[in-house]
Amino acid sequence: MVPDPGAELAGLQREFERTLLGGERKFTRVQVSERAGISIERAERMWHALGFATVPDDEVAFTDDDVEALRLVAALEDDGFIEPEMESSLARKLGQTQSRLASWQSAMFLEFLGGTKLSADEAIEVAGLLLPAMERLQTYVWRRHLAAAAGRAMAGSEELARGLRAVGFADIVSYTRLTRRLSEGELGELIERFEGTTADVVAENGGRVIKSMGDEVLFVADTAAQGAAVALALQDAVIADEGLPELRIGLAYGTILIRLGDVYGEVVNLAARLTTECKPGRVLADRELAAALDGHPSFAVHRLRRVAVRGYRHLVPYAIQRAG
């Protein structure tokens with residue numbers, strides 16, 4: 001009998017999928033909710049919050065791990081660790097974070113396979129070896145970040161307990177024009193270089209990257225001085241690297257809402273507005289951050305002319321530089 005290439009490919013896809021999922025697809029969505037001990041409506045709500053598409057009622061799409069995951073999320077609420085209204089928010093943030101990570105990892109794996117002459121069976125074997133290593137690495141990084149965050153919270157001042165932070169946006173100048181001029185490969189290299197540089201500089205100066213959005217990075221720092229140090233160090237790094245375009249950086253200081261790893265509030269909006277008003281290579285700050293830096297030996301603050309931006313008709317920016 002002549003082998004059926006389509007059947008062989010389907011078999012390899014199932015094997016590869018089984019390796020990645022950690023088991024066979026066994027259950028429909030009704031069966032998985034029953035085994036998890038929750039209603040189908042609640043299971044569907046969590047499934048969507050995690051970022052997955054609706055599955056038809058009769059499709060066998062779920063594994064034992066899906067059952068266990070639904071049980072774990074439900075148990076966090078049932079045992080009082082999270083409020084009911086936070087259940088979907090928690091699932092949504094986990095889904096968004098892991099989706100981005102998975103997209104990057106799958107692209108990296110495919111690029112690796114493209115540079116080798118592995119057969120399909122060998123690729124599946126490599127994936128099976130890589131998965132445990134990646135899981136251990138991700139758990140290690142998560143625990144280190146968790147320990148650092150817990151340490152900051154326990155040792156924090158009253159200001160930190162109230163949510164006082166410096167918030168900054170670093171934005172690539174003329175990014176739209178760059179996207180038209182660069183090839184996809186060149187644009188990918190630029191974004192990777194920008195994100196890598198900003199991540200290093202922000203961490204070295206005591207800040208934390210909240211999120212990267214291609215041409216823009218949002219970061220926070222615990223004090224106004226740390227925020228200013230991060231911003232000026234970012235400008236120095238870009239000047240020293242001829243492969244990176246100029247940046248505009250806006251800073252603001254005050255009380256922010258920190259929720260599921262993201263930040264919200266007027267201070268975030270102010271930092272964003274100041275970024276749009278900033279000239280290339282400069283750092284602009286709001287009145288609160290400038291006042292917090294008043295008299296600081298490392299920084300010089302200069303009041304600029306009042307501007308009108310969306311939501312703020314009388315915004316007073318301050319230029320931040322190093323003293324001397």
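**Ground rules.** This is a predicted model: local features need pLDDT of at least 70, side-chain atom pairs count only at pLDDT 80 or more, and totals for chains, interfaces and linings use all residues. Residues are numbered from 1 along each chain as its sequence is written, and side-chain values use heavy atoms, with hydrogens and water left out.

**Whole chain.** Show the C-alpha trace. Along its principal axes it spans about 80 × 50 × 35 Å. The chain has 12 helices and 11 strands; these are DSSP runs (helices H or I, at least four residues; strands E, at least two), numbered from the N terminus. Of the 324 residues, 36% are buried (under 20% relative accessible area, 1.4 Å probe, protein chains only). Among contacts (heavy atoms within 4.5 Å) with a separation of 6 or more, 67% join residues 24 or more positions apart.

**Helices H3 and H4.** Select residues 40-49 for H3 and 64-78 for H4. They pack at an angle of about 100°, with axes 11 Å apart. Axes are lines fitted to C-alpha atoms over the stretch in contact, and angles run from 0 to 180 degrees between N-to-C directions. H3 is therefore roughly perpendicular to H4 (65 to 115 degrees). Now show side chains. H3 brings Arg42, Ala43, Met46 and Trp47 to the contact; H4 brings Asp66, Leu70, Val73, Ala74, Glu77 and Asp78. By class, that contact has six nonpolar, no polar and four charged residues.

**Helix H5.** Select residues 87-114. H5 has 28 residues and reaches 40 Å from first C-alpha to last, close to the 40 Å expected at 1.5 Å a residue (1.5 Å times one less than the number of residues). Its buried residues are Glu87, Ser88, Ser89, Ala91, Gly95, Gln105 and Phe109.

**Strands S2 and S3.** Select 207-212 and 216-221. These strands run antiparallel, joined by five bridges. Gly207 has Ala221 as its bridge partner. Three residues separate the strands of this hairpin, and Gly214 in the turn has a positive phi of about 75°.

**Helix H10.** Select residues 224-240. Its 17 residues should span 24 Å, and the end C-alpha atoms are 24 Å apart, which agrees. Buried residues of H10 include Ala224, Val230, Leu234, Gln235 and Val238.

**Strands S9 and S10.** Finish with 307-309 and 312-315. Two bridges join these antiparallel strands. Val307 is paired with Leu315. The hairpin has two residues between its strands, and Gly311 in the turn has a positive phi of about 90°.

Terms used:
Pairing = 2+ DSSP bridges. Parallel < 35°, antiparallel > 145°, perpendicular 65-115°, else oblique. Nonpolar A, V, L, I, M, F, W, Y, C, P; charged D, E, K, R; others polar. Buried < 20%, exposed > 50% of the residue type's maximum accessible area, 1.4 Å probe, protein only.
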